[in-house]
Amino acid sequence: LHSTFTFRRVVLTTDAKIAPRLRFYLELEYERFRKLELERGVAREDGGLEVEEEIEGTSDSEIAIEQAWMQYDLTKWLSVRGGAVLVPLGRFNLRHDDNLWNLPRRSLVDRGVAVLPVPSAWDELGVGLIGKTPVGNEAELEYQLDVVNGVSVDAAVETIIHTRDPEQNRFVAEAKFSPSTGTFNTDNKSAKALTGRLALSPALGHELAGSFYWGRYT
């Protein structure tokens, strides 16, 4: 066994009421992150230019925006929300904060098993309607419908350099294609995805819900 201390994650959350009906929410996660440095220099060299660039960072680190959206309340029971929103596919993706669950790790379903296209927390860039309304004396109906860029096939390129090998000074490049969270700029597949959730809470602490996601990867 390898003994080590691990700084698993720290999450910065901002929830601001900009105006009586306008709200801004941001969730930024630093995972195993310590530093990221970029050094770039341009200098004259023998009548030409010498360009030097260096990138340094800690291993297995990540900075990720898990949510970043603005919401405008149309009425007490309906609001418009746009930005980087959590896909309402399953309760865990919407309530993924560790302090809400008595679990040491996220469930296998939400960590990459072929049930969801991408692991939780899964966010997409889009816009939609969200709200809730009371039903009877104790029950509550909650609903969400979003149009998002949607999951697309992404390519990750890995480079490996061998200095001691039967083939010395060998350079290897590997490409891996897999579904990934949609881009936050141009939708490279030019096809939007539709997702939604309808939940009925008959009493506090109880919920019956259904959710869906429809879209293509390519």
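Predicted model: local features only at pLDDT ≥ 70, side-chain atom pairs only at ≥ 80, totals over all residues.

**Entry 1: Glu 31**

I began with contacts: the side chain of Glu 31 makes a polar contact with the side chain of Arg 8, at 2.4 Å. I count a polar contact when a pair of N or O atoms lies within 3.5 Å; within protein, one must be able to donate a hydrogen and the other to accept it, and residues adjacent in sequence count only if both atoms are side-chain atoms. By that rule the side chain of Glu 31 also makes a polar contact with the side chain of Arg 32, at 3.2 Å.

Residues are numbered from 1 along each chain as its sequence is written, and side-chain values use heavy atoms, with hydrogens and water left out.

Where does Glu 31 sit? I found Glu 31 in strand β2, residues 22-31; strands (E, at least two residues) are DSSP runs, numbered from the N terminus. Glu 31 is buried, with a relative accessible area of 12% (buried means under 20%, with a 1.4 Å probe and protein chains only). Leaving aside neighbours within four places in sequence, I listed Arg 8, Arg 9, Asp 60, Ser 61 and Glu 62 in contact with Glu 31, contact meaning heavy atoms within 4.5 Å.

**Entry 2: the cavity**

On a 1 Å grid over the protein atoms alone, a cavity is a set of points where a 1.4 Å probe fits but cannot get out, and a pocket is an open set with protein on both sides within 12 Å along at least five of seven lines; lining residues have an atom within 4 Å of a point. The largest cavity holds about 50 Å³. Its lining is Leu 94, Ile 130, Glu 142, Tyr 143, Gln 144, Arg 197 and Ala 199. Strand β8 gives the most, three residues.

**Entry 3: a pocket**

I then turned to the second largest pocket, with a volume of about 610 Å³. It is lined by 24 residues, and Arg 23, Arg 81, Arg 95, Ile 130 and Glu 142 lie nearest its centre. β5 supplies the largest share of this lining, four residues.

**Entry 4: confidence**

Last, I checked pLDDT, the predictor's confidence in each residue from 0 to 100. The protein averages 86, and 90% of the residues score at least 70.

Technical notes:
Points joined across faces, edges and corners; volume = space filled by probe spheres on them. Buried < 20%, exposed > 50% of the residue type's maximum accessible area, 1.4 Å probe, protein only.
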